[in-house]
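This briefing concerns aromatic pairs, disulfides and a strand hairpin. Please consult the sequence and the structure shown below alongside the text.

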Amino acid sequence: MTSSTPQPPARLQPEQRSSPEQPYRSRLRRLFRSAQTALAAAAVLVLSGTSGAAPQDAGPIQTWGYAGWGQLTILSATKITAGGAHTVVTVSSDTTKAMAWGSNLDGQCNTPANFVPVDMAAGASHTVLLRNNFTLACFGSNAFGQCDVPANIGVIDKVAAGDHHTIAIKPNGGPVICWGRNDSGQCNVPSNLGTVIDADGGYSHTAAVKTNGTVTCWGGNDFGQCNVPSNLSSVVQVAAGFDHTVALRSDGSVVCWGNNDHGQCNVPANLGPISQIDAGDGFNVALRTDGTVVCWGDNAEGQCTVPANLVAVSQIAVGSHFAVALTSGGTVAGWGDADLGQIATPAVLQASPIVEVDIGVAHTIARRQNGAVFCIGFNSNGQCNVPADVGSGQGLSEGSGVSPAIQVAAGASHSAARKADGTVVCWGLNGHGQCTVPAGLGACIDVAPGSTHTVAVKSDGSVVCWGSNVFGQCNVPANLGQVGGPVVDIEAGSSHTIALKADGTVACWGLNGSGQCNVPPNLTDVVRVAAGSSHSVALRSNGTVVCWGSNAYGQCTVPANLGTAMDIAAGGEHTLARRSNLTLVQWGSNEYGQTSPQINLQVANSTGPIAAGSVVSVALRLESAPLNDECANALVVHEGYTLFTTQRATNSLPSLPSSCNEGSGVGLVKDVWFSFTADASGTATFSTCGQAFYDTRLAAYAGSCGALTLIACDDDAAGCGGGTSTMSFTVEDGESYLIRVGGRTGSGAGFLSIALEEFVPPENFVPVDFSASFNWSTSLQTGGELYPTGNLLLGGVAFSIPNSIGLNAWHAKEVPGRNPRVLEVPANVADAISVHALINSWWGVPGPGSLATVEFYGCNGAFYSKPLVGNEDIRDHFNGGFTNTINGTTTVEVFGNGQVRMDKVRFDLPAAFLNEKLELVRIVDTGAEAVQRVWLAGLTVETGVATCAADLSGNGIVGGEDLAILLGGWGPGCAGDLDGDGVVGGADLAVMLGAWGACKP
């Protein structure tokens, strides 16, 4: 054991371990990809834990277990103040420091390093901080000596600031000391002031609340700002504006006096009970006891336009013409004057909830919804030094958002992050190479650090492992991807690895001293795996939990009354499960309170994602709607299983159309949204079949939020119990789709499975690529609508929909005086037996006259033509705006968005084409008007087997006539090109001589 590694109890060490790291745990979910972040409550996390079993309640996070290394302290803003045009906050991590933003012309935002403030104040252009040793630091403008802290000032208990002067209160209520600008006597503290509990400064005056609840003011009084109302009593706080004063009484009422040119002293009648006040230049802000904010007075710069959704506020602060608020979750919001960035809250403190948390032995890593990463706790090996490409700094380490993370994970003494492009970054202890990411690893869909090794799943479902391999934990089975399909989830224990495959089976390898790699026989339908120090856990789609490996502390004794689980986590020697009703169940070791029974009551019916460390447990609590409650916040999902919950979700638009009514209406309520991008063309199936714990409904859309086009919907799928659902549709490589999961009448939880059956064209179909082979001439032009492109399988026929210069449907160019118009497509496919086209007319007239003629030319004289008649061959329909139903039996939904349809027309070619190459397809447009043109979007040639390819004369015998034809076409050409290379030469002569004689049947 290295001296730098923290040491939990010795019994937590994995058996036979020779590595210096501590035992491992399981992290908060990856199987559910980033989609599981939808379960987190919308808030940041606060408070540190203490050693022992006492649970630490910090609003939306609940932590319990051993906290001796500060690994349960999640950062947030803890105090806020505002100056003339700058904002200052204290930020909590394992230490506390100040951050400032806004105007920094005089250095008022240059907060000192390694400074631990317990109080702070800001003037017009200076900042004053009170250290935890009760000494002062003052920086910024010093034009009036406001930063010249008096020598031998001694211990200070509280600080305040006017525009250009500073106020300090000594312990036990005084005395009060002022320095800085004093041209109006604002620093002349009355000799008989006595003891005070609060003070504040304006532009030219100072106000103080005495311990008896009365107020005393001194300094400038041009507008009566120092004329304290008679009989004012029971005051608990005072705020000095530019030239007015506000007092808060113990009963929550507010009194104001001084300049009233903007109505700043007209206290609203319906103000309600107030817990805090502050004053700016001509306006006031008050915090109600219910956590809402009210403002009155000057609103020229929006300083009184409180954000509509601002709730759960714990502190307020006011600058000259702006205001800021600190929420109970530690986030900061600002409004009003923004010219100098004073309300532009830095990314690290923006209202972006924590959506993923993972715990190592003695450190915690967390990711916000905006991709920022921070890390806290024991840092002797740099496991909390988030790299510059995903974050910056130490202690308070948080990403800048430049390269956002989409997954974070903690090993014993190292950390990992997966970025938006799928690349993996590792940092921390690297004694076994566990942080040396293999060169060329490429994009990954999952990463899991263990004790001394790291494992990742690549985008193709293969697994790569690096680091220690003493126990074979990096010996990825050779047939892993061949049996059971690609890996969709990976977990790393202390010295073993567990993988979940696409078919719901599990593979495990590495240290097996406690049977942690003895996967139970017939274990199927698994949707989630977890790895503890020396035990393994699996969650099945029906909500049952299976556990194997070490059971020395009952960590594998699944409670008989567990019920239906929807999430699991494994710690060093304990296990957690979250039920579908959002309650928590824990079992295993409780030596450090990591399975404290107290916690079950504190998070009852509101448990969000869970995580477990060696001797620590964490649960996010669901205190608001899921993060992906609306379309705009759809969370990215991939193939595999995604955990979802719709508890506390709201209803979204659009409404479902009548076509989605399967007998019980079209309601889709309490819905959440996901975004799926296909990495191949094919058929995608989205399902909650037997995997959700309530009656679900599904819908899928193309397009963007606000401009959605329904693709598919489903209510109660056949064979799926409990009203669960399944829908399938064609997807295109690289295209994104929005998936909506909700209920018929209520809410619940479950798993959304996603499977993609990749498009594989039949061997005898040759899609023609227009973008590569189109014969552009003066008589042709492109035209049409921009729709998704890629490979399609329609009615068993493979089509390739190109996208040349942004368009993917073609028609003949309008040429004055020229009719017909001709569209030519080079095909160059040998042994054609039929041609399939996606084709329509534009406002064509139904038969009996033809709208166009399609002509087929072989390279050796074969020819076939077919007129297109409106009633028989093609339908007058290009998109959902037209309603003519000509020949509806062959009309297919080409682009899978419920609207765009074209006719799939088959042209059977004469036998003559079977022994030569189809060289050209021509569409001769005979429409009398421009709008009657014919459109082409896809062309596929179906090939057969030539009966006697060398019989060029067609007389059934390969002989002299055929040899003459071949020699006559010698060189580049078609006649006699038997091997299809575009040249008639020696290779073709060899083919002919080999077939000499009568054609064989």
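A residue counts as buried under 20% relative accessible area, as exposed over 50%, and as partly exposed in between (1.4 Å probe, protein chains only). Cys-556, with a relative accessible area of 13%, is buried by this criterion. The model is predicted: local features need pLDDT of at least 70, side-chain atom pairs count only at pLDDT 80 or more, and totals for chains, interfaces and linings use all residues. Residues are numbered from 1 along each chain as its sequence is written, and side-chain values use heavy atoms, with hydrogens and water left out.

**Disulfides**

- A disulfide is a pair of cysteine sulfur atoms within 2.5 Å; the structure holds four of them.
- Strands (E, at least two residues) and helices (H or I, at least four) are DSSP runs numbered from the N terminus.
- Cys-631 is joined to Cys-705 by a disulfide with an S to S distance of 1.9 Å, and this link is left-handed, with -85° about the S-S bond. Cys-631 lies in the loop between strand E44 (616-621) and strand E45 (635-637) and Cys-705 in the loop between strand E49 (696-704) and strand E50 (707-714), so the pair ties together parts that are 74 residues apart in sequence. Cys-631 is buried at 10% relative accessibility, whereas Cys-705 is partly exposed at 37%.
- The sulfur atoms of Cys-660 and Cys-713 are 2.1 Å apart and form a disulfide. Its torsion about the S-S bond is about -105°, so this disulfide is left-handed. Cys-660 is in the loop between strand E46 (640-645) and strand E47 (669-677) and Cys-713 is in strand E50, 53 residues apart. The relative accessible area is 5% for Cys-660, which is buried, and 21% for Cys-713, which is partly exposed.
- A disulfide also joins Cys-689 to Cys-720, at 1.9 Å from S to S, and its -105° about the S-S bond makes the link left-handed. Cys-689 lies in the loop between E48 and E49 and Cys-720 in the loop between E50 and E51, so parts 31 residues apart in sequence are tied together. Cys-689 is partly exposed at 24%, while Cys-720 is buried at 12%.
- Cys-187 is in no disulfide: the nearest cysteine sulfur, that of Cys-178, is 4.9 Å away. Cys-187 is buried, with a relative accessible area of 11%.

**Aromatic pairs**

- Rings of Phe, Tyr and Trp (its six-membered ring) pair if their centres lie within 6.5 Å; planes under 30 degrees apart count as stacked, over 60 as edge-to-face and the rest as tilted. By this rule there are eight aromatic pairs.
- Tyr-203 and Phe-242 are stacked, at 4.7 Å centre to centre with 25° between the planes. Tyr-203 lies in the loop between strand E12 (196-201) and strand E13 (205-210) and Phe-242 in the loop between strand E15 (235-240) and strand E16 (244-249), so the pair ties together parts 39 residues apart in sequence. Tyr-203 is partly exposed at 28%, and Phe-242 is partly exposed at 30%.
- Phe-686 and Phe-729 are stacked, at 5.4 Å centre to centre with 10° between the planes. This pair links strand E48 (residues 682-687), which holds Phe-686, to strand E51 (residues 726-731), which holds Phe-729, 43 residues apart. Phe-686 is buried at 0% relative accessibility, and Phe-729 is buried at 7%.
- One aromatic cluster is formed by Phe-676, Phe-686, Phe-729 and Tyr-737.

**The hairpin of E12 and E13**

- Two strands pair if DSSP finds at least two bridges between them; five bridges join E12 to E13, which run antiparallel.
- E12 and E13 form a hairpin with three residues between them, and Asp-200 stands opposite Ala-207 in E13.
- Five of the six residues of E12 are buried, so this strand is largely enclosed by the rest of the structure.
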